[in-house]
Amino acid sequence: MAQRELNETKQSWFFKWFLNKKLPVVLLNVLLTLLIILLMTKLAWLLQPIQSLLTIIGLPVIIAAVLYYLTNPLIDWLENKWHLNRVLAITILFIAIIGLIAWGIATLIPVIQSQTTSLIKYWPDYWQNIQKQTMQWFNDPSFKSIQKQLNDINTDVLGSLSDKLNKMVSSTVSHIGTAVGVVTNIVIAIVTMPFILFFMLKDGHRLKAYLTHFFPNRVRATTGQVLHEINGQVSQYIRGQLTVAFWVAIMFTAGYWIVGMKYALTLGILAGILNLIPYLGSFLAMVPSVIIALFISPLMLVKVLIVFAIEQTLEGRLVSPLVLGSKMAMYPVTTIIVLLASGKLFGLAGVILGIPVYAIIKILVSHLFDWFRTVSGLYND
């Protein structure tokens, strides 16, 4: 009896857990998951029709989802505050959107088209001027010791850009069919997106209950909580980023217009779009502005830098804290790592969508860990 009690005392929690058959179950689940993933990679040809379907419907669904998160609070407000029928509220919203689009086509689009055409026309002159100034700096006696290395770098960069441009032109010419397919997908997205958005606004609030209906009763509450958290994170990010991008475009456009900068509207809208890339967007938007300002005059460069400094101050101290707050709960280092990884794997789409996808994965992993902690019993006292 004493020997048996001694043996039981020597048993660690690990062996108790293993003997309770919890570790084999976990390992078996992991093994089955890996086998399923391996099988899917071997049978990728079976998934080709699904991939083609997702390629067609993916763009309109994504656009409709973004507009849904932007407009759904307004529809809820009209329904709850003013007691309007939801379909009537959606109809009023669609009429207002059509009116804004018509106003934009009549007023903003011609200005943007004119400025963009002029910018494309004179951009080679701006670039050649910057190149000339750069070469003059390289020829300065102060850079004599490293002049050869700088000239080699300049030659390599220009050669690389030329090669990439030639390959791009060749690829464009040789893939006319792909280009036609892309245009077709865009047209399909424009036509189908309003219908998808209408039904999202009409029945989107029922989606969580509909999805949780397919899960067992014992996990419906947890599944509903997970879907609620994912919806909150994604909606907060989309609304916040687009709102900040809008105000960034307004601030840059107003600042450039005040200082007399050319292409103020086009450069401001470009800054707003690029601001969708966290941390890097505004700096990327400054590149064409700085080049054009250098071509105009040193004084204009100083004015542009002042506009940039004022915009960054207002965005960092006023706009972003009020709009975004700290609901994403992401460290800056984590954000940068996610941007670098997603951009490397998926390009521009990864840079834009990397943060919300990371937030979704974080929620799922967090709940899976809570489930594992409860089931395993490893974290009990």
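This is a predicted model: local features need pLDDT of at least 70, side-chain atom pairs count only at pLDDT 80 or more; totals for chains, interfaces and linings use all residues.
User: At what angle do helices α9 and α10 pack?

Analyst: Start with the two helix axes. Helix α9 covers residues 217-259, and helix α10 covers residues 264-274. They pack at about 155°, with axes 7 Å apart. Angles over 145 degrees count as roughly antiparallel, so α9 is roughly antiparallel to α10. Their crossing is right-handed.

User: Which residues make the contact?

Analyst: Take each side in turn. From α9 come Ala245, Val248, Ala249, Phe252, Thr253, Tyr256 and Trp257. From α10 come Ala264, Leu265, Leu267, Gly268, Ile269, Ala271 and Gly272. By type, eleven are nonpolar, three are polar and none is charged.

User: How do I read a nonpolar core? Which members of the largest one touch the most others?

Analyst: In soluble globular proteins, nonpolar side chains tend to be buried together. Here the largest nonpolar core has 25 residues. Phe252, Tyr256, Met261, Ile292 and Val304 touch the most other members. The elements giving two or more residues to this core are α5 (86-138), α9, α10, α11 (281-296) and α12 (298-323). A second, separate core has 16 residues, among them Tyr68, Tyr69, Leu197 and Ile230.

User: What does Phe252 touch?

Analyst: Leave out residues up to four places away in sequence. Phe252 then touches Gly268, Ala271, Met286, Val307, Phe308 and Glu311.

User: Where does Asn129 lie, and what is it in contact with?

Analyst: Asn129 lies in helix α5. Beyond its neighbours within four places in sequence, Asn129 is in contact with Leu294 and Phe295. The C-alpha atoms of Asn129 and Ile291 are 8.9 Å apart, though 162 residues separate the two along the chain.

Notes:
Residues are numbered from 1 along each chain as its sequence is written. Side-chain values use heavy atoms; hydrogens and water are left out. Axes are lines fitted to C-alpha atoms, for helices over the stretch in contact, and angles run from 0 to 180 degrees between N-to-C directions. Helices (H or I, at least four residues) and strands (E, at least two) are DSSP runs, numbered from the N terminus. Angles under 35 degrees count as roughly parallel, over 145 as roughly antiparallel, 65 to 115 as roughly perpendicular and the rest as oblique. A crossing is left-handed if the near helix is turned anticlockwise from the far one by less than a right angle, and right-handed if clockwise. Contact means heavy atoms within 4.5 Å. Ala, Val, Leu, Ile, Met, Phe, Trp, Tyr, Cys and Pro count as nonpolar, Asp, Glu, Lys and Arg as charged, and the others, Gly among them, as polar. A nonpolar core is a set of buried Ala, Val, Leu, Ile, Met, Phe, Trp, Tyr and Cys residues joined through side-chain atoms within 4.5 Å. Buried means under 20% relative accessible area, exposed over 50%, partly exposed in between (1.4 Å probe, protein chains only).
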